[in-house]
Amino acid sequence: MSALEAVRRRQSWSKVTPEAPTREQLLPLIAAAGRVADHSSLRPWRLIELRGEDRERLGSAIAEATGDSSPSSKPLRASLLIAVVASYRRSDKVPRWEQEAVASGVAHVLSLLLDEAGWGVIWRTGGYTRAAAVARTHGLGPDEELLGWLYVGGKPGKEPGRRSPVDAEAVLSRMPAERADHDGVPAQDPGKPDACGKKAKKKAKKRAKKAAKKAEKRKKAEKAERKLRKAEKRS
């Protein structure tokens, strides 16, 4: 199966059967998922597997975070939960958001690989993912954040409803053309301060002259073409 086919077939399974991959089956998939784009190769992520009583401890932590009197049963919906942790590194080149994107990328690729291997997967989150009780249960450090859990299990016989296809034309566009004001001078970049120096004014005048010359050339070419068409009609 090609990567394109695997991506097209992937879907989230909100309900899974009790079967789950072993640690030995997980390891090669995790190693492959770690090949995502990673600026400076910081590897700002790690994964935690929750099985058996681990899920019950998480249920108690969620209850503490949400103020409920009884443990949450949500973690018991799958035999295996894989916690996705953004483990931030100190870096002058790679900002925090980019490191979180790497951790998210690992989770997405791993869910795809698990799906391709025949397992049902869904990525679950919630407001309590950043709660102190939940972080403490997972043993997170001061520079780590939980991004959610991959719930993994067997695929039941009935397939989930498929999502509507993505309209690629609607989400793919070209770089916007440079806008020009009424004088033919390109509009000021809103992200930069107003250019008021002499050099900036000279450059603006040059651009305006070039734009005017181009417009004049187009007019002459259009006029010549109209004359040629008229001459062809007469003949």
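How close do the axes of helix 2 and helix 4 come, and at what angle do they cross? I took this question to the model, which is predicted.

**Entry 1: the crossing.** I found that the two axes, of helix 2 and helix 4, come within 9 Å and cross at roughly 135°. Helix 2 is therefore oblique to helix 4, since only angles over 145 degrees count as roughly antiparallel. I noted the crossing of the two helices as right-handed. On the side of helix 2, L26, L29, I30, A32 and A33 make the contact; helix 4 contributes V106, V109, L110, L113 and L114. I sorted these residues by class and recorded 10 nonpolar, no polar and no charged.

**Entry 2: helix 4.** I next checked the length of helix 4, which covers residues 96–116. Its 21 residues should span 30 Å at 1.5 Å a residue, and the end C-alpha atoms lie 31 Å apart, so the two values agree. I listed its buried residues, among them V106, L110, L113 and L114. The elements that cover the buried residues include helix 1, helix 2, strand 1, strand 2, strand 3 and strand 4. After helix 4 comes G118, with a positive phi near 105°.

**Entry 3: I30.** I then turned to I30, a residue of helix 2. Is I30 buried or partly exposed? I30 counts as partly exposed because its relative accessibility is 22%, and buried means under 20%. Beyond its neighbours within four places in sequence, I30 is in contact with W45, L47 and L110. I also looked up R46, 16 residues from I30 along the chain: the C-alpha atoms of the pair are separated by 9.9 Å.

Key
Residues are numbered from 1 along each chain as its sequence is written. This is a predicted model: local features need pLDDT of at least 70, side-chain atom pairs count only at pLDDT 80 or more; totals for chains, interfaces and linings use all residues. Side-chain values use heavy atoms; hydrogens and water are left out. Helices (H or I, at least four residues) and strands (E, at least two) are DSSP runs, numbered from the N terminus. The expected span of a helix is 1.5 Å times one less than its number of residues. Buried means under 20% relative accessible area, exposed over 50%, partly exposed in between (1.4 Å probe, protein chains only). Contact means heavy atoms within 4.5 Å. Axes are lines fitted to C-alpha atoms, for helices over the stretch in contact, and angles run from 0 to 180 degrees between N-to-C directions. Angles under 35 degrees count as roughly parallel, over 145 as roughly antiparallel, 65 to 115 as roughly perpendicular and the rest as oblique. A crossing is left-handed if the near helix is turned anticlockwise from the far one by less than a right angle, and right-handed if clockwise. Ala, Val, Leu, Ile, Met, Phe, Trp, Tyr, Cys and Pro count as nonpolar, Asp, Glu, Lys and Arg as charged, and the others, Gly among them, as polar.
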